[in-house]
Structures are given as C-alpha cells and as structure tokens.
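Here is a short report on the model shown below. Please read it alongside the sequence and coordinates.

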Amino acid sequence: MAPIDSPLTLSLALLACWAVVGAVGLLRPHSVALVRRVLFPLGALIGVGLAIVAALSLAEPVEHATLHVGLPDLPMHVRLDNLSRVFLALLGSASAGVSLFAAGYFRKGEGTAPGVLGLQYHLFLASMGFVLVADDAYAFMVAWETMALTSYFLVTAQHGIPEIRSAGFLYLLMAHVGAIAILLSFGILQGGTWLFSFDAMRASTLSTPWATAAFLLALFGFGAKAGLLPLHVWLPEAHPAAPSPVSALMSGVMLKTAIYGVLRVTFDLIGDPLWWWGLIPLALGLATAIFGVVFAAVQTDMKRLLAYSSVENIGVLFTGIGLAIVFHGVGMTELAALALIAVLYHSLNHAFMKSLLFLGTGAVLHATGERNLGRLGGLIHRMPWAAWLTLVGVLAIAGLPPLNGFVSEWLLLQTFLFSHEVPQPFVNMLLPLGAAIVALAAALAGYVMVKFFGIVFLGQPRESSLAVAHDVDGFEKAGLVWLAIGCVLLGLLPSQVIHALGAATGQLIGAAPNLAGQSWWMLAPLTERDVSYAPLVLLAVIVAVIAATFLIVRVVYRRPVRRAPTWDCGFGHLDPRMQDTAEGFGQPIRHIFVSFFEMERDLPSPLDQAPRYRVKVSDRFWQGVYLPIAALLARAANSVAWLQQGRISVYLTYSFITLVVLLAVML
Amino acid sequence: MNALAWLTQFLEVLAALVLAPLFLGWVNACRAWLQNRRAPSVLLPYHGIRKLFHKDAVIAERASPLFRLAPYVVFGAMVAAAAVIPSMGTGLPFRSAADAIALVGLLAIARAFMSLAAMDIGTAFGTLGARREMMVGFLAEPALLMVIFVASLLSATTALPLIAERLAVQDLALYPSLAFTAVAFTMVLLAENARIPVDNPATHLELTMIHEAMLLEYSARHLALMEWAAALKLFNYACIGFALFVPWGASIGETGIGALALSLPALLGKLGVAGLWLALLETVSAKLRVFRAPEFMATAFMFAVLGLLVHLLLGA
C-alpha cells in the first residue's frame, strides 16, 4: 500500500471527495442554494487540488496500489504514472472552471432535482478520474461504465423533452457499443493468461494478428467515445441536449479519456505498435477533421456547431496519434515523442478552449433562452464579459497565435514536415499531404469561429427580446475567466508545458524533446531544424506596435470621434434581417463541399407572393450507415418476435424445453 | 546578435511602413499605363492616408469596442509580419520569435479581426464582405502554408529568413517543385490582396466587392490604418515571394553594412518588377464571378500540393 501522503493516495482521496461532495447534495435534493453555493465551488476546489497534485508529481516514480473494494477476491488495481498525471491535471484544471461556472448556472429547479444533478455531476468527475488511474480491466470498465451512465443521466437532465430523451438514448447506445469493443480488446490483451491486470497485459506477448485485432478493437471502442468517423453521430445530438456545463465537461474532458485510452492501450499495454497501424487512425483522423469542420460551418444551432467542431479536433488528435504510431513503429522515436506531445498538448488546449466556448453558449442560452444562431446577435453590447471571454476561446480554437490552439497546430505541422523521412516507399510521399488537410481544417476552423462569434455576439440583435439579455453573474464570470486564463497561459508558456508533457512521453515511449539549455520563453523542440517560436515576444511586439500606433495617432492627430447612424446607402430601412443568417454565412461552404451533405432545399419562385426558403442539411452517415443497420436490427428482432407469445404457459414450456436440453447435454 | 542585426531589423520594418503605400501606388500607376489611362501619381496612397488622418472619425451608433480595436490589431499584425519577412536582410533578431507558420498565423489574425469588425455593425454589406473574405481566406491560407512547406522541405527549416538564406546560397538550380508553388503563390497573392480576378480594388460594386465591403463603415484614422495595413499586406506578400523565389540581393547572413546598403536598391528593383508583373496579370485577366473564386483558390491549393508531391517524387 502506498504511503498516506503519496500523490496516488492524495489523488484517490480527492476523487473520493468528489463522490462525497456529490452525495451531500442528496441530503437536501431540492435545495438549489446548497448545490450552487457550497457543492459546486467545493467541487472546483477539489479539481484545483487534483490538478496541483498531478502536476507536481510528474517528476516522481510510478506508483501502484491495490484497493480491496467491490467484489470479494477481485481487488481493484490502481496506478499513477505520468500519462495518468497529465490527464488528471487536465481533468482537474478544466473541470475547476466548469464547476465554478456551474455554481452560477443551475438556477431554478428544472428537470432533474439539483441535489441529484449534483450527485451525477460529481460522480461523473470522480469516475473520469478513476478511469485515468485504473490499472486492471475490471476497475477500468467499472469506472468507464460509471462515466457513461452518469453522463447519460446528465445529458437527459431535462428528460421532459422527447428529443433530449432520444439524444440520450443514442449516446447510451454508442457508449455501450464502444464499451463492448473495449472489453473485447482487453480480452485479447490478456493473451491467454486470464489475468486482467494491466501489468499482466504489459507482460504478455501477442502474435501480430492478435495484437492488430486488439488495437483495432480499442480504436473502435475509444473512437466511439471520442467521436471518430463514422462513430461521431452521437456528439451533435448529445451536446445540445445536455446542460451547458455538462456539454463543456463531455466535450472538453470526457472525449480526452478516450484519447487517454487509445494511448494507454497502444503504447503501454500493447507496447510495440506496428508502424502501419498508425495509418488507420491517421486516415480516419484526417477524414474526421475535414468532415467535422465542414459540418460545423453549416450548423445553425450554436451547440451543434461546437459539437461538430469537437469532432474536428478529435480528428486532429487521432491524426497526431497515427503519426506517432508510424514514427514509433519505424524507430524514429524522437519524432514519435514530438507527435505525442502535440496530441497531449492539443488535448489540454481543447479541454480549455472547448469548455470555454460551451460555457459561453451556456451564458447566452441562459440570458436569451435561444440556441438558434438565427435568433441571436449583437450580444456584445448586453453581455460584454461573456462576449470578450468567449472571444479568447474563439481566437484560440481558430489556431491564431499567440494563443494556445496555435501551439499544438504548430507542433503537429512541424512533425508532418519530417514525415517524408519515414523509410517506407510511397507512404513517405503520402504522409506529408496530410499536412495539407490539417492546414485546410485549421483554416476552416477559423471560418467556423468567425461565423460563431460574429453571428452570436456581433451585429444587430435579430430578435427584440435580446434587448433584455443579462450578463454572466460572479461565479459564471469566474469560471469563464479561469478557462480563458488557461488558454492564454498554455499559449504563452509552451516550453514549460512541453517540458511537463515530455515526462509523460518519456515514460511511455522513452523519448522526450530535449529542451535543455533553451530560453524559458522560447519553444524550439527541433534543435537540428533551427526553428523556434516565442509567443511572449510575438505578443509583446504586437502589443507594442498597437500601443505605439494608438499613442501616435492620438497625440499627432487629435480629432474627435462622432457617433452617427449606420450608413444605409440612402435606403432608410436597415433592419436586422438584412444581416447574414447562420445559413447565409455557411452558404459558401455548402456550395464548395456540396458532396458532403445530404441536402433538401425549397427555393421559392421569383413570382411567389409569400416566399419561403428552406434548407435542411443532414449527415450522409445517417442514410448510409446507421439507418440500414437500424433497419437490419429491426428486421432481425421481428423475425424472432414470434417467440414472444405473451402467455405464461408458453414461457413455462420454453423453460421446460431448455431444462431438458441442458440435461441431455450434461448427461 | 549584434548591432547590425538590430539595424537590419529596424530598417526593414521602417522600409515596410514607408514603401508599402509607394508599392501600391506603383502597381496602380502601372495598371493605368497598361490600360492606356493617365496614371495617378505614385504618391497618391500617401496623400490618401494623410488626408484620412486629418479627418474627424465617424462611427456607427451600434459599433462595439471591437470595431474600434480592429484597425489597430490588423495594423499591428501586419507590422509584426513585416518584421519576420527578410526583405532586406536575413539576420533578423526577431526571426526566432515567429517562423513562417506563425507568419501565416499573423496574417490570419488580421483576417479574423477584419471580418469580425465587418460583422460588428450588422449591415448587409459588412457580413457579405466578411463571409466572402473568410471564403477566400480558408482556401488561400492552406495554399500559402503548402507553398511554405515545399520551401521548408528544400531548406530544412520553417524560419523564413533561414529559408531565404539557404535557398540563396545554393547553386542556381531550377526546382520543378518551386515552379509549381510559384504559380500557386501568385494566385494566393492576387486573392489575398483583393486583386483581380478575385476582387477588384477599384470598385464598390456590390456584386463583386470583398475587401471594400468590409471597410464601408470605417472613416478617418481607422480607415487610414486599415488602408495602410492593406498596403502593408501587399508589400508583405511581395516580400514573402522574394524570400521564397528570388532571395538574391538581400543581405545574406552577417555580411556587413555594405550588403545592407546594397539591399535597399535591390529591394526597390524587385518591387518595381513585381509591381509591373502584378499590373500586367491584373490587366490581362478578367474578374471572376464570386462563385468561381473558390475554384480559383482550389486551383492554387492544388498547385501547391502538386508542388509538394513533385518535390517528394523528384526530391527537388
């Protein structure tokens, strides 16, 4: 057993605290004040503690422990290594912001009672943490399932609405299809020893076909949780259904547990992945990235837009994982480490950026009751705090320097620049083309984010009711500020972050970027390439230029500013409906990527007296993959439905026949 | 890092600020000559900027602070970009702060803020301009990145001054991959700087407007900064082109004050030829319909990717 003050014990204690904090809510399940003013802030505090414990212990050795809880003779193994620590830090720090926001968010008792919601929320957090420290298949699956179930209940918090119930069901279904694949993968990984601890899996050696099968099953299972194409369909349904802090946690943190799972299975449990395995996540990741961002560009619901943007980011993450596997497989370990760093860095970045954006939409949703982009606009005047803090997230996720999204994009592109050195013919020519797709996805992400921010916060209010929108309250503001600061710091101090992440890659694949002897403000992970990036200097220069320009303009040309009505070309009737709608802003993308969409469109004739324009864009995967599978299942179910007669005598006959058959087999 | 490097850095930013409007005036004058019109003075952009700075600013009633901040951010990003592009010398102290990928990021900051500012007032023209600008931008940005990638693979670095340095000191050789990317780069330059065939800087016709539509609500000093930033953007793109395709003439490495002094006439000469070439391209091509602009940009992107493929196939 680990000593009492060891990081592992502390982490487990903090996870248990989350569960206790959640359980306290049950004492007075209908008290909003208890949950808001006490439990969520406490949860945030625990998150900060967890992040500090995890981050400070990165230099310490791997710790093991065995917990004698649960079933007799089936103890749970836990283990804290640097990969777990990185993801625990991510969980703690990002969830602290979300919990703070949640303290201000859940106001009146709608849907699930606040105490129960608090329990589900904190159990969700604790289970995600336990996924990250679990060290046997049993503990992992228990935590994984707890995570799926608690998040299902959180998604369906407003279970009075039928769409939300069906979105929740779709999520639960996908989560379980994935869980089965993960379970099967563990079944292969034990390699005939029938020992399900991860240590046994590390020790067992698998033949190539079995190892490949385990990898593919893990990719499928974790891919379903992450939203890898074509298993992404639940994201755009579940995220809008859930309350905003829950969407933020699911998108920002829960998707990362799937990334953790892929890394754990591939690089730790299997240990020596073959290089060509990497091509699968690489190709799927690139397809997912483009697909996700193109769909994000045409969405009209702000949370669906963000959900598709998460699909894109998951695609980028899997691209990086694929690249790392390829590099690792051909023995270019330094580059594999760099690709893994890009993956871990982007996971951290996305946790902060996407949580920030989802909470921003939560603030808007609360203030206006609207999720539809077509009914928003001009909120920067009414909600300056929410708008400016969301702008940080928008610029970060659009990959603009000097914020954090740019750093991971930069790292990934730098890694791609080496991919032509892979000693496999043809592959080394195709791999660099992936960089073109990553660059295209990043540029499209900029388009999506300009659309998102411009339509929600800028322009004229599209509805008169928006004139009474209120800004965020103190707790909500604190949560947004926390996450925005995270985005800025992750962007400005890349070499510190990479140094910390290097501890994880060092343990995982035995290589980390060499940052020794470099200035603390500069990022130069590739010494032989002579490239570097110094966000602090860049920011200082831009700010200095802006300040100097401002002062010079003010001092030399001191002319007054006059406010006047907007220029209307002499027309005289400017109204908010003349602005682009969300559909209008996405039109170029619909036009260019027309083959991606299943589109229904009603165009009015020019002579129409009451013209109505309607366009419905849907996902081809529903038509092509899911509906046929659903139809097949329904047919299979129908064909065995005659078994169900509804009469007890028939069922007793079934039991009798079964017993006879069993007896016959036994004898 | 020595005094000469800092001097180069300072002179380069100064040259960018001073020469950018002149280059714009020169392109306009060349275009007028080629089209058999009487050319305006090449100094006209200076007069325009000076005039705008002396006016009272008028801002729409519903403008948010973002609208007033945007011109400064756009201008600041363009000046910062000018500081990493080796127009006169490659020994720039600032080159370790931002490589070519960060340079593309700086240009993207300017684009994002300009589009957001255009959406801020909430007019039909503003959002139309923002939408079209982002449409051009999302294809132009990866194309530019791919162009830079090819040059990076040839020179094993992504720092633009180092790319220029390494390409300049190699023996004069014709790289087929650079030929493809030069075509792509020219197309990106035309599109990103609102030139024919994608946009027309000389009209305010609503069917075709992109860049001008975004600036409609700006006046006085804000407009002056936006116009100056646009001139800087054209200048920056021209200098990126010089660094990638004709790096000779700039002072390479640490070669002393003489090379630096010679680099200014070299830069002026290159700008003169580039302006003429740009005006010629604009004169012989027709404005595309806006719907065709994505095809133009996709062609540029494909040329750049083809350049990458050619490099990987031939190793040159």
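What share of the 316 residues of chain B counts as buried? The share is 64%, where buried means under 20% relative accessible area, exposed over 50%, and partly exposed in between (1.4 Å probe, protein chains only).

## Basis

This is a predicted model: local features need pLDDT of at least 70, side-chain atom pairs count only at pLDDT 80 or more, and totals for chains, interfaces and linings use all residues. Residues are numbered from 1 along each chain as its sequence is written, chains are lettered from A and ligands numbered from 1 in the order in which they are written, and side-chain values use heavy atoms, with hydrogens and water left out.

## Chain B: fold

Chain B has eleven helices and one strand. Helices (H or I, at least four residues) and strands (E, at least two) are DSSP runs, numbered from the N terminus. The order along the sequence is α-α-β-α-α-α-α-α-α-α-α-α.

Take contacts (heavy atoms within 4.5 Å). In chain B, among those between residues at least 6 apart in sequence, 81% join residues at least 24 apart.

## Chain B: size and surface

The C-alpha atoms of chain B fill a box of roughly 55 × 45 × 40 Å along the principal axes.

The accessible surface of chain B is about 10,700 Å², by the Shrake-Rupley method with a 1.4 Å probe; for residues, only the protein chains shown count as cover. Carbon and sulfur atoms hold 69% of that surface.

## Chain A: one residue

Val661(A) lies in helix α23 (residues 648–666) of chain A. Val661(A) counts as partly exposed because its relative accessibility is 45%.
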